[in-house]
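Here is a friendly note to read alongside the structure. Please keep the view open and follow the points in turn.

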Amino acid sequence: MLKTTAVAATFCAVAGAGIVGYGETTAQAAQAQTPTQSQAQAQTQSASSTAARHGHGHGHGDAFSGTKKIRVGGYSVNVSCSGRSAARKPVVVLMAGGGDGLDTMAGLQKTLSKKARVCSYDRLGEGESDQPNGTQTIDDSSRILTGVLDRVTDDRPVVLAGHSLGGLIAARYAPDHRDRVEGLVLMDATIPALTAGVSKAIPDSATGMAAELRDQTIAVNEGQNPEKFIIADAKVRSAGNIPVQIIRHESQYAEVPDYGPALEEMWAEGQEQWRALSGRSRISVAAGSGHYIHVDRPDIAVKAIQRVTAQATAHS
């Protein structure tokens, strides 16, 4: 039973839920690079004074550094920003996976902010942000993201770098916001049609652990996750001719031997589908990585984000 639960948690993390246990591991990995409470309070005080000078957090894309709560659509949203960059350079926005808060992106943000302006945030239902009032769709999540960008970018373009569910939300957001999103990095993003994919990879005839994985994944997609977010299957739409880097894991389903190959094929095919986002899409495999690419292979994640940011800057 314990083994079944652990595998189910891992698979649901891939589905975008980030079930407790898998998410906690990544939080611990980032903890050493997360500001202490006293540091965060000092940074928030500094942020408040800086924001006051620039007017409600607007300025030159560097309105504050540290972690603070902002109001978006009637909700309190926890946001972290760090680093500075040239005026023409896009702001990098990191988007954590389902069940994860911005703290799981702390290590990546710390490295990237040495050369760029980088922000991350807790979506509703995650981390230190408010709980959603009810079920969320992609439109709801997109409105929160737009509100965050309005506050932290000062109308500058952005590169969205998302992991798992964060990657799916970034990929769904970009086509409707071509004036704002100039690059995408998808780190093992939840695939475009996960419900159909897992139903095919693990048929109704399956029993035991495999059946449990399928049923839990479908339940997660229907909104039984911390964000109450419905992960709906949908076709991939073009986001224009922007640079897009898609990175997928090397191995994830070894604990499901009977259906592991079918699940890996499903995931690989789903990652290929994201290439329709742009004619400038590239896809690669992070050697030695599981689902949490930015933790297992932070070097690959950093290089991909820096490369896409540079490409976006060159065409701005």
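1. Let us begin with strand S1. Five of the seven residues of S1 are buried, so the strand is largely enclosed by the rest of the structure. Please keep in mind that you are looking at a predicted model.

2. The partner of S1 is S2: the two strands run antiparallel and are joined by seven bridges.

3. Now step back to the whole chain. The secondary structure comes to 11 helices and eight strands. Of the 316 residues of the chain, 56% count as buried. If you take the contacts between residues at least 6 apart in sequence, 77% of them join residues at least 24 apart.

4. In what order do the eight strands lie in the sheet? Reading across, the order is S1-S2-S4-S3-S5-S6-S7-S8, and the sheet is open with mixed pairing. At the edges are strand S1 (66–72) and strand S8 (281–285), each of which pairs on one side only. From one strand to the next, the twist averages 20°. As background, strands of a sheet pair through backbone hydrogen bonds, either parallel or antiparallel.

5. For a parallel pair, look at strand S3 (residues 91–95) and strand S5 (residues 158–163), which are joined by five bridges. Met 95 stands opposite Gly 162 in S5.

6. Two helices lie across parts of this sheet. Helix H9 (residues 260–273) lies across strand S7 (244–248) and S8, and runs at about 175° to S7. Helix H11 (residues 298–314) lies across S3, S5, strand S6 (181–187), S7 and S8; H11 runs at about 165° to S6.

7. Helix H5 (residues 138–152) deserves a point of its own. Its 15 residues, at 1.5 Å a residue, should span 21 Å, and the end C-alpha atoms of H5 are 21 Å apart, which agrees. The buried residues of H5 are Ser 141, Ser 142, Ile 144, Leu 145, Gly 147, Val 148, Leu 149 and Val 152. What do these buried residues pack against? They meet S1, strand S2 (75–82), S3, strand S4 (118–121), S5 and helix H6 (165–173). Just after H5 comes Asp 154, with a positive phi of about 55°.

8. Two packed helices are described by the angle between their axes and the distance between the axes. For H5 and H6, the axes come within 10 Å and cross at roughly 85°. That makes H5 roughly perpendicular to H6. On the H5 side, the contact is made by Ile 138, Ser 141, Ser 142, Leu 145, Thr 146 and Leu 149, and on the H6 side by Ile 169, Arg 172 and Tyr 173. By type, these residues divide into five nonpolar, three polar and one charged.

9. How do helix H7 (residues 194–201) and helix H8 (residues 208–221) pack? Their axes are 10 Å apart, at an angle of about 170°. That makes H7 roughly antiparallel to H8. Leu 194, Thr 195, Val 198 and Ser 199 in H7 meet Arg 214, Thr 217, Ile 218 and Asn 221 in H8. The residues of this contact divide into three nonpolar, four polar and one charged.

10. Next, please find His 294 in helix H10 (residues 293–296). Is His 294 buried or exposed? With a relative accessible area of 5%, His 294 is buried. Leaving aside neighbours within four places in sequence, His 294 is in contact with Thr 104, Met 105, Leu 108, His 163, Met 187 and Ala 301.

11. Last, turn to Gly 288, in the loop between S8 and H10. Gly 288 has a relative accessible area of 56% and is exposed. Beyond the neighbours within four places in sequence, Gly 288 is in contact with Glu 250 and Asp 296. The C-alpha atoms of Gly 288 and His 249 are separated by 7.9 Å, although these residues are 39 apart along the chain.

Note on methods:
Residues are numbered from 1 along each chain as its sequence is written. This is a predicted model: local features need pLDDT of at least 70, side-chain atom pairs count only at pLDDT 80 or more; totals for chains, interfaces and linings use all residues. Side-chain values use heavy atoms; hydrogens and water are left out. Axes are lines fitted to C-alpha atoms, for helices over the stretch in contact, and angles run from 0 to 180 degrees between N-to-C directions. Helices (H or I, at least four residues) and strands (E, at least two) are DSSP runs, numbered from the N terminus. Angles under 35 degrees count as roughly parallel, over 145 as roughly antiparallel, 65 to 115 as roughly perpendicular and the rest as oblique. Contact means heavy atoms within 4.5 Å. Ala, Val, Leu, Ile, Met, Phe, Trp, Tyr, Cys and Pro count as nonpolar, Asp, Glu, Lys and Arg as charged, and the others, Gly among them, as polar. Two strands pair if DSSP finds at least two bridges between them. The expected span of a helix is 1.5 Å times one less than its number of residues. Buried means under 20% relative accessible area, exposed over 50%, partly exposed in between (1.4 Å probe, protein chains only).
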